[in-house]
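Work through the exercises below with the sequence and the 3D structure at hand. Try each task before reading its solution.

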Amino acid sequence: MSKYLDLSIKEIHELLVEKKITPLDLVEEALKRIEENKDLNAFITINDKVREEAEDLGEVDPDNIFFGIPIAVKDNIVTKDLRTTCASHILDNFIPIYDATVVKKLKDKKMLIIGKTNMDEFAMGSTSETSYFGAPLNPHDKKRVSGGSSGGSAVSVAGGLVPLAIGSDTGGSIRNPSNYTGIVGLKPTYGRVSR
């Protein structure tokens with residue numbers, strides 16, 4: 001199996017610019033890793049159009065380091081035409097008709113949304129154990145919690161499934177899971193990113 005997703009974003013970008021790999025190669029590797037690590041329960045929904053989206057990106061932009069990079073998005077952030085459940089049975093079949101501002105910005109940078117990550121239901125929790133879909137498991141020790149509420153996003157990065165993930169943080173929901181899973185998490189200053 002290829003190990004492109006184990007490289008830094010800069011190294012991946014250089015391979016894309018040099019045409020040694022394509023965005024589709026990265027998507028295929030991410031999807032394979034997600035499938036092989038289903039027991040981590042990091043994802044609620046996989047984007048079934050992501051392969052097509054990767055093929056439609058066009059020529060690599062050498063000045064855009066995020067071009068063609070797979071990314072996971074927490075399931076409380078709306079994504080047009082991609083199910084958003086907030087980890088709740090109540091929204092089990094909710095398909096948003098627009099993208100959240102942060103998702104629009106990701107798409108403007110030609111990033112590829114692999115899927116929606118598991119979380120505490122409606123982001124109300126600190127362990128991700130309240131998800132209707134079951135808790136995401138800490139990839140370092142599956143008997144320990146992944147933290148929450150952005151547990152699935154943290155697990156998807158810590159488990160090597162994707163290089164980047166988006167979460168949300170009101171009272172520690174990015175900071176706690178990143179700490180629990182040994183990755184870097186950043187909570188933007190309140191108001192810097194539109195809700």
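The model is predicted: local features need pLDDT of at least 70, side-chain atom pairs count only at pLDDT 80 or more, and totals for chains, interfaces and linings use all residues. Residues are numbered from 1 along each chain as its sequence is written, and side-chain values use heavy atoms, with hydrogens and water left out.

**Exercise 1.** Find which strands pair with strand 2, and in which sense.

Solution. Step 1: locate the strand. Helices (H or I, at least four residues) and strands (E, at least two) are DSSP runs, numbered from the N terminus; strand 2 covers residues 70-74.

Step 1: look for partners. Two strands pair if DSSP finds at least two bridges between them. Strand 2 is parallel to strand 3, with five bridges, and parallel to strand 4 (residues 164-166), with three bridges.

Step 2: name residues that face each other. Lys 74 is opposite Thr 117 of strand 3, while Val 73 is opposite Ile 166 of strand 4.

Step 3: follow the chain. Strand 2, helix 4 and strand 3 form a right-handed β-α-β unit. A crossover is right-handed if, with the strands pointing away from the viewer, the path from the first strand over the helix to the second runs clockwise.

**Exercise 2.** Decide which way the residues of strand 2 point, and whether they are buried or exposed.

Solution. Step 1: recall the rule. In a regular strand the side chains alternate between the two faces of the sheet.

Step 1: apply it. Pro 70, Ala 72 and Lys 74 point one way, and Ile 71 and Val 73 the other.

Step 2: check the cover. Buried means under 20% relative accessible area, exposed over 50%, and partly exposed in between (1.4 Å probe, protein chains only). Five of the five residues of strand 2 are buried.

**Exercise 3.** Which residues of helix 1 are buried, and where do they lie?

Solution. Step 1: the buried residues are Ile 9, Ile 12, His 13, Leu 15 and Leu 16.

**Exercise 4.** Which ring pair is present, and why is it edge-to-face?

Solution. Step 1: rings of Phe, Tyr and Trp (its six-membered ring) pair if their centres lie within 6.5 Å; planes under 30 degrees apart are stacked, over 60 edge-to-face, and the rest tilted. The count is one aromatic pair.

Step 1: the ring centres of Tyr 132 and Phe 133 are 5.0 Å apart and their planes stand at 80°, so the pair is edge-to-face.

Step 2: Tyr 132, at 45% relative accessibility, is partly exposed, and Phe 133, at 26%, is partly exposed.
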